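Please look over the sequence and structure before reading on.

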Number of protein chains: 2
Amino acid sequence: VAAESYSVGLDLGGTNLVAAAYSSKRGILVRTKVFTLAQQGPAKLLNRLAGEAAKVIALAELHPSQIKAVGLGSPGPLDAQRGVILDSPNIKGWKNIAVAQRLGAKLGRRVVLENDAVAAAIGEHRLGAGRGSRLMLMLTLGTGVGGAILVDGKPFRGQGTWAGEFGHMFLSPDGPAIKTGQRGTLEGYASATAIAARARVLMAKNKKSRLWALAEGDLKKVSSRLVHQAFKQRDALATQVWRETAAWLGLGLASLINIFNPERIVVAGGVMLGGSELLALATRAARSRALGRGTGCKIVKAALGDDAGVIGAAELGLRP
Amino acid sequence: VAAESYSVGLDLGGTNLVAAAYSSKRGILVRTKVFTLAQQGPAKLLNRLAGEAAKVIALAELHPSQIKAVGLGSPGPLDAQRGVILDSPNIKGWKNIAVAQRLGAKLGRRVVLENDAVAAAIGEHRLGAGRGSRLMLMLTLGTGVGGAILVDGKPFRGQGTWAGEFGHMFLSPDGPAIKTGQRGTLEGYASATAIAARARVLMAKNKKSRLWALAEGDLKKVSSRLVHQAFKQRDALATQVWRETAAWLGLGLASLINIFNPERIVVAGGVMLGGSELLALATRAARSRALGRGTGCKIVKAALGDDAGVIGAAELGLRP
């Protein structure tokens, strides 16, 4: 029987920084959540990361020497192998930083860096909806659309630092313009941003939709969450947007099945928080298009919610 | 220095069966090509495969005991690990056949079965346009569109027997109907069949196209080869078809780059035999869409032509 071992997980987001002390046998021991406050600059952010790590170690009544390593999930692009942040559009100044080395020096522990989407996938694979799957894809429908590929629980990185940018898979040669990227991608159809944008376009021609009341008459307040709420209230406009989103998502899922023949696809992100109808509709659409109806592939909703990233980061800290 | 070792490669197609005796140091020693004659049934086909293997061994002046193993590339779906043909729409009766075991018994040698597209990819990786690449994708534009994924020269098989069905990647929610499969796939836009079909539709509205003369007034004679020929003669209709094909192919290549971040994509098949213009146009379209312009990925034309499959099959015969 292996002895219990410990790590720290850090999940860095544009808004929040989540930290956890973690046990190989008992999972999360202690969890904290603070604001990222990226505007204070990268030096202060490194201090805050070190501070939160020290805090969860103390709260879990561990000694730093008991921590095998600290896993950090961060938005990319980054070089996980070298432990360097290359760029990070959502965190100001978080660019060209040898974060594994610098944070490691502050903490006196080894620091393992990983892309936040990959970290979340590892979390779902270890303790969530991806458990036991040998080839797992993860699709995160949030502000953007992220992706990850895990083979036996380990990230598949293409030729170098990244792979699995499923949000940038093309589902059409054209499509609505989006801020980050090209027309016609899955991100342009199924991200929270895209869902809200499509609803806004339709609302301009339809003053009767419930969405107007839910958004208090302010187009800026329209979000994928509100669209989902209006859909639950059987609003026709929101139903149209939701069904279109499911159809595009289904098309993307069918392509992923035909390209990878995966065992499981785990779908996560803010768009999924409202309920399971979107995924049920999308799965039906995907099966009607996939080779052999994709019978070998389970399409499931993520199980760990916001904790997937910090669990995955902590798991990386336990690995040799 | 490793000693020279020998294998036999068999490349089974709907029309032709190619066989080769192969050396680890000198490549193809002897090569034969006969008709497949699938209509005679699977028992005769197994005999023909065994006969061709024996013939190339004799022609190379080898003794059967010197042959490490026989590699067989066959159209699928098949189970490479178990050595069983599951189905094969293009070869009559070639279905539910334990070919590795049955052919192995006839020859007294181990037989390794592989999907023909994967075998061709292994050939290109070993001796052709994929040499030295650690993550290589292959795309074969023929009657249909096939694909393969090689990691360090070994096939990536998804959760089981297959992966890399890039022909069944969706580039649009609709699109022209095709015989095998769904609307809107890469196969429906960039296979030889799809290219000819699109030209025929346009020809009905354009009696001035050179294609009418090249096809001797017979729509049935229109092929992707003739469309390419008319394109070279600057025919407007053929140019339109060729440019549209390149745009769709470019969209598919951009998706593959964003999904895999591969080192190399090798494009093969009958559609590529005419020349390099299609791939040059498609590559430009792909780079305008791919993340970071796909600078890390080389997109190249296959180098081994019809020999890729038999070389790959023979290479598999050399492996442990």
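Is A:K55 buried, partly exposed or exposed? A:K55 is partly exposed, with a relative accessible area of 34%. The model is predicted.

**Salt bridges**

- Over all chains, the count comes to 20 salt bridges by the rule used here.
- One of them joins the side chains of A:D307 and A:R31, at 2.5 Å from N to O. A:D307 sits in the loop between β12 (298-301) and α10 (308-318) of chain A, while A:R31 belongs to strand β3 (residues 27-35) of chain A, so this pair ties together parts that are 276 residues apart in sequence.
- Both partners count as partly exposed: A:D307 has 22% relative accessibility, and A:R31 has a relative accessible area of 36%.
- A:K55 has its own partner, A:E52, and their side chains meet in a salt bridge of 2.9 Å, N to O. The two lie 3 residues apart in helix α1 (residues 42-59) of chain A, which means a separation of about one helical turn.
- A:E52 is buried, at 6% relative accessible area, whereas A:K55 is partly exposed.
- A:R82 and A:D79 form a further salt bridge, with the closest N and O atoms 3.3 Å apart. A:R82 is exposed, its relative accessible area being 59%, but A:D79 is buried, with 11%.

**Interface of chain A and chain B**

- Contacts involve 38 residues of chain A and 38 residues of chain B.
- The two chains bury about 3,000 Å² between them, and 60% of this is on carbon and sulfur atoms.
- A:Q159, A:F170 and A:I259 supply 24% of the area that chain A buries against chain B, more than any other three residues.
- The count of salt bridges between chain A and chain B is 0. Residue pairs in polar contact across this interface number 22, both residues being at pLDDT 80 or more.
- On the side of chain A that touches chain B, at least two residues come from each of β9 (145-151), α8 (236-260) and α9 (277-289) of chain A. The largest share, 8 residues, is from α8(A).
- By residue class, that side of chain A divides into 20 nonpolar, 13 polar and 5 charged residues.

- A:N261 is found in the loop between α8 and β11 (264-268) of chain A. With a relative accessible area of 8%, A:N261 is buried.
- A polar atom of the A:N261 side chain lies 2.8 Å from the backbone oxygen of B:W162.
- Not counting residues up to four places away in sequence, A:N261 touches A:L135 and A:L256 in chain A, and B:R157, B:G158, B:Q159, B:G160, B:T161, B:W162 and B:A163 in chain B.

**B:R264, a buried arginine without a salt bridge**

- Side chains of opposite charge can pair when their charged atoms come close.
- B:R264 is buried yet has no salt bridge, and the nearest side chain of opposite charge, B:E263, is 4.4 Å away. The cut-off for a salt bridge is 4 Å.
- B:R264 lies in strand β11 (residues 264-268) of chain B.
- Leaving aside neighbours within four places in sequence, the contacts of B:R264 include B:A129, B:G130, B:R131, B:G132, B:S133, B:L135, B:M136 and B:L137. Also among them are B:C297, B:K298 and B:V300.

Technical notes:
Residues numbered from 1 in each chain as written. Chains lettered and ligands numbered in written order. Predicted model: local features only at pLDDT ≥ 70, side-chain atom pairs only at ≥ 80, totals over all residues. Heavy atoms only, no water. Helix = DSSP H or I, 4+ residues; strand = E, 2+ residues; numbered from the N terminus. Buried < 20%, exposed > 50% of the residue type's maximum accessible area, 1.4 Å probe, protein only. Lys, Arg positive; Asp, Glu negative; His and termini not counted. Contact = heavy atoms within 4.5 Å. Buried area = accessible area lost by both parts, 1.4 Å probe. Polar contact = N/O pair within 3.5 Å; in protein donor to acceptor, adjacent residues only side chain to side chain. Nonpolar A, V, L, I, M, F, W, Y, C, P; charged D, E, K, R; others polar.
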